[in-house]
Protein chains: 2
Amino acid sequence: MAQKKHRSSILERRKEVLESLSGLGGKIYDQLDTGNFPSVTMPSRSTENIYYDPQVRQFILGDRKVKRSARNIRHVKPFTQLTWAALFSNELTSQRKTSTLRDVYYSAQAYEMTFKDQQESNNIVTDLETVLGFSREDFSIFPEERSAIFGDLTIEYTVPGYEGRTMNLTSHPDGVMIGPALTSAEFVKTTADKVIAIEKGGLFTRFVEESVHRRFNALLVLTAGQAPRATRHFIRRLNAELNLPVYIFTDGDPWGMHIAMVIISGSANAAHLRELNTPDAKWSGVWATDIVNYKLPTDPLDEVDMKRLYELQKDPRYKEDPLWQREIKTFMKIRKKAEQEAFSRYGLTYIVDEYLPAKLEETK
Amino acid sequence: MAQKKHRSSILERRKEVLESLSGLGGKIYDQLDTGNFPSVTMPSRSTENIYYDPQVRQFILGDRKVKRSARNIRHVKPFTQLTWAALFSNELTSQRKTSTLRDVYYSAQAYEMTFKDQQESNNIVTDLETVLGFSREDFSIFPEERSAIFGDLTIEYTVPGYEGRTMNLTSHPDGVMIGPALTSAEFVKTTADKVIAIEKGGLFTRFVEESVHRRFNALLVLTAGQAPRATRHFIRRLNAELNLPVYIFTDGDPWGMHIAMVIISGSANAAHLRELNTPDAKWSGVWATDIVNYKLPTDPLDEVDMKRLYELQKDPRYKEDPLWQREIKTFMKIRKKAEQEAFSRYGLTYIVDEYLPAKLEETK
């Protein structure tokens with residue numbers, strides 16, 4: 001899979017996705033025409049073939065390949081399923097419809113294509129991602145999860161019925177949902193000079209109410225827990241296309257820390273893909289050291305939290321920047337965690353008036 | 001608690017909320033002025049005092065009362081906490097800020113008011129609801145959960161900075177989030193003649209893409225699983241203020257059935273409140289009988305599902321309409337469940353082209 005360069009045009013990207021699908025189909029026809037059993041080759045996604053690459057600052061796949069060939073009786077079924085997934089993705093993408101992984105599983109039955117279970121059908125979609133180097137969202141297969149954005153960014157829709165229509169993302173003060181329509185929109189203009197990603201809905205609302213977008217010239221992104229892939233890709237686009245630095249605010253615990261890490265360095269599950277992470281994004285808090293410095297109300301770290309910290313300590317992504325190891329050690333030492341809302345013990349707006357500017361400065 | 005009549009004006013309601021808070025404060029001052037220990041009396045929320053009322057078609061509280069008096073040493077703490085919660089709600093509501101239950105818990109510390117844990121602080125907020133007969137959303141305390149709406153309804157914001165601004169809810173094709181700003185908006189105009197509430201995000205997106213809002217003159221509401229209270233109140237407003245019938249589509253299993261039921265008849269937890277349910281809303285599917293009639297792909301009902309069915313069978317809310325008992329019995333007989341997405345086995349648009357119109361007609 002070749003790494004793709006950033007492209008400003010959504011339409012150009014869609015064309016490319018469709019071309020890659022036709023390319024796959026063409027190759028299969030060519031093999032058949034020349035009297036060969038059709039086959040596809042792709043990088044192996046087995047654990048032994050996943051490496052952390054400090055250059056691109058994410059997990060990547062190594063050189064091992066797997067081949068699916070219609071010649072091999074054991075491959076006939078997954079090969080056919082893969083071909084069907086490509087056909088279905090092509091239909092979705094060219095008809096401008098979106099779907100979910102669950103829908104893909106059931107839709108197969110309409111084509112008398114059967115999957116043993118949801119897991120089998122999910123794996124085939126991941127195979128298709130691996131073969132073509134695009135992510136399932138590019139093939140119009142979206143997750144159910146939703147997150148939101150708020151701030152002065154004008155976008156232009158490309159979805160059917162809305163082509164050319166623009167919207168400013170301050171239009172709805174509850175936040176604008178990051179779904180298929182928004183992720184396929186072009187960026188038109190912004191006055192923002194940074195992106196602030198926030199884990200919790202309550203804090204996102206607080207930031208909107210306190211006009212953080214205006215006071216700090218920021219686009220506010222609600223990740224709503226672990227950011228969905230579509231949102232991670234969207235954050236990357238804000239960073240790459242608009243040159244906006246990204247600051248991430250999460251709860252002060254191993255899980256919040258990892259929400260930030262996955263936005264920054266991606267996940268091992270997506271080692272076959274690029275363009276889902278934002279390597280230069282910063283985790284701005286709540287750090288373990290913030291818990292100490294700001295004397296926040298805390299809960300004790302339980303066994304599961306501690307176990308997670310030991311795992312993260314050994315994770316190559318956490319060895320990139322000494323910040324991570326320092327914070328892991330501090331968590332282990334204080335054995336305490338704190339939520340973002342804990343700042344309310346100093347009043348509802350303390351987090352916006354005092355903590356936020358201090359941390360934006362500190363992690364600049 | 002007196003039952004409140006529908007009011008069209010959000011601003012009027014806010015005024016009423018603030019008056020009820022001042023009223024509570026005034027009563028306490030009066031008691032102090034006349035040399036009495038201050039006290040409040042409210043209906044008991046204990047299980048023995050919760051009854052199903054077929055008249056209002058929801059659970060209500062009976063005649064038992066509890067009294068919190070500053071004279072009783074064991075009541076001093078909860079009485080003080082309740083008074084603080086009223087003070088804090090008054091600040092939030094008059095300053096037009098919103099908060100979450102979590103934030104209330106931490107904010108108490110800014111006032112040197114302590115709660116043992118989150119549960120204790122949640123209970124006090126419920127006490128305040130019970131005393132004054134408004135729900136916590138009226139006191140500007142919102143849940144984190146988010147759901148969405150899409151369709152031809154023009155609303156007018158009342159939140160600070162947006163007063164008088166209107167928005168049409170077809171503006172963003174990913175759906176418009178139902179948060180504090182939308183739930184406090186006035187309804188200006190609509191061409192819709194019904195509301196369709198949908199459990200799953202994937203299906204909501206499908207409905208938007210297939211222009212269900214135009215083809216069926218409908219406002220589409222995504223409940224995103226169990227509808228948050230703010231969304232249930234919002235659905236009620238659509239029904240009451242705009243006279244729109246409400247049709248609910250969920251997964252075909254006991255959990256989906258109950259998502260519909262809670263929108264229709266509310267929950268026992270909210271027996272102290274009105275205005276959260278929509279008694280005339282219809283559960284339109286996926287019924288157990290639909291699973292049979294449409295030959296849907298299914299999963300077996302497991303033990304937890306079966307146990308839930310036995311519970312629901314005895315629930316007074318499920319004795320209102322013979323439909324519920326029939327469907328419970330059918331589920332028990334076929335021992336199968338099906339998701340909304342299962343209709344994709346007949347093609348992605350079958351659910352919109354065939355199933356939806358048939359069920360809207362059947363449950364009219």
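Q: In what order do the three strands of the open sheet in chain B stand, and is their pairing parallel or antiparallel?
A: This is a predicted model, and what follows should be read accordingly. In chain B the three strands form an open sheet in the order S7-S6-S9, and the pairing is antiparallel. The edge strands are S7 (166-168) and S9 (186-190) of chain B, each of which pairs on one side only. On average, neighbouring strands of this sheet are turned by 25 degrees against each other, direction ignored.

Q: How many bridges join S6 of chain B to S9(B), and which residue stands opposite Leu153(B)?
A: Strand S6 (residues 153-156) of chain B is joined to S9(B) by four bridges, and the two run antiparallel. Within this pair, Leu153(B) stands opposite Thr190(B) in S9(B).

Q: Which helix lies across S6 and S9 of chain B, and at what angle to S9(B) does it run?
A: The helix is H8 (residues 229-242) of chain B, which lies across S6 and S9 of that chain and runs at about 55 degrees to S9(B).

Q: What order do the strands of the open sheet in chain A follow?
A: The three strands of the open sheet in chain A follow the order S7-S6-S9, with antiparallel pairing. Strand S7 (166-168) and strand S9 (186-190) of chain A stand at the edges; each has a single partner strand, so one side of each is left without a neighbour in the sheet. From one strand to the next, the twist averages 25 degrees. Strand S6 (residues 153-156) of chain A is joined to S7(A) by three bridges, and these strands run antiparallel. Ile155(A) stands opposite Met167(A) in S7(A). Helix H8 (residues 229-242) of chain A lies across S6 and S9 of chain A, at about 55 degrees to S9(A).

Q: Why is strand S1 of chain B described as largely enclosed by the rest of the structure?
A: A residue counts as buried when its relative accessible area is under 20%. Four of the five residues of S1 (residues 39-43) of chain B are buried, so this strand is largely enclosed by the rest of the structure. Its pairing can be read as well: five bridges join S1(B) to strand S4 (residues 65-69) of chain B, and the two run antiparallel. Pro43(B) stands opposite Lys65(B) in S4(B).

Q: How many residues of helix H3 of chain B are buried?
A: Helix H3 (residues 101-110) of chain B is mostly covered, with seven of its ten residues buried. The buried residues are Arg102(B), Asp103(B), Val104(B), Tyr105(B), Tyr106(B), Ser107(B) and Ala108(B). Both chains contribute to the cover, which includes helix H6 (201-209) and strand S14 (299-300) of chain A together with helix H2 (76-94) and helix H4 (118-132) of chain B.

Q: At what angle do the axes of helices H9 and H12 of chain B cross?
A: The axes of H9 (residues 254-265) and H12 (residues 322-334) of chain B come within 12 Å and cross at roughly 165 degrees. That angle makes H9(B) roughly antiparallel to H12(B). The crossing in which H9(B) passes H12(B) is left-handed. Where they meet, H9(B) contributes Met257(B), Ala260(B), Met261(B) and Ile264(B), and H12(B) contributes Trp324(B), Ile328(B) and Phe331(B). By class, this contact has seven nonpolar, no polar and no charged residues.

Q: Which backbone values deserve attention in a loop?
A: Most residues other than glycine have a negative phi, and most peptide bonds are trans. Glu112(A) has a positive phi of about 50 degrees although it is not a glycine; this residue is found in the loop between helix H3 (101-110) and helix H4 (118-132) of chain A. Glu112(A) counts as exposed, at 75% relative accessibility. Lys295(A), in the loop between H10 and S14 of chain A, has a positive phi near 45 degrees. With 63% relative accessibility, Lys295(A) counts as exposed.

Q: Which residues does a cis peptide bond join in chain A, and which in chain B?
A: In chain A, a cis peptide bond joins Gly285(A) and Val286(A), with omega of about 0 degrees. Val286(A) is found in the loop between strand S13 (282-285) and helix H10 (288-293) of chain A. In chain B, the peptide bond from Gly285(B) to Val286(B) is cis, with omega near 0 degrees. Val286(B) lies in the loop between strand S13 (282-285) and helix H10 (288-293) of chain B.

Definitions and conventions. Residues are numbered from 1 along each chain as its sequence is written. Chains are lettered from A and ligands numbered from 1 in the order in which they are written. This is a predicted model: local features need pLDDT of at least 70, side-chain atom pairs count only at pLDDT 80 or more; totals for chains, interfaces and linings use all residues. Side-chain values use heavy atoms; hydrogens and water are left out. Axes are lines fitted to C-alpha atoms, for helices over the stretch in contact, and angles run from 0 to 180 degrees between N-to-C directions. Angles under 35 degrees count as roughly parallel, over 145 as roughly antiparallel, 65 to 115 as roughly perpendicular and the rest as oblique. A crossing is left-handed if the near helix is turned anticlockwise from the far one by less than a right angle, and right-handed if clockwise. Contact means heavy atoms within 4.5 Å. Ala, Val, Leu, Ile, Met, Phe, Trp, Tyr, Cys and Pro count as nonpolar, Asp, Glu, Lys and Arg as charged, and the others, Gly among them, as polar. Buried means under 20% relative accessible area, exposed over 50%, partly exposed in between (1.4 Å probe, protein chains only). Two strands pair if DSSP finds at least two bridges between them.
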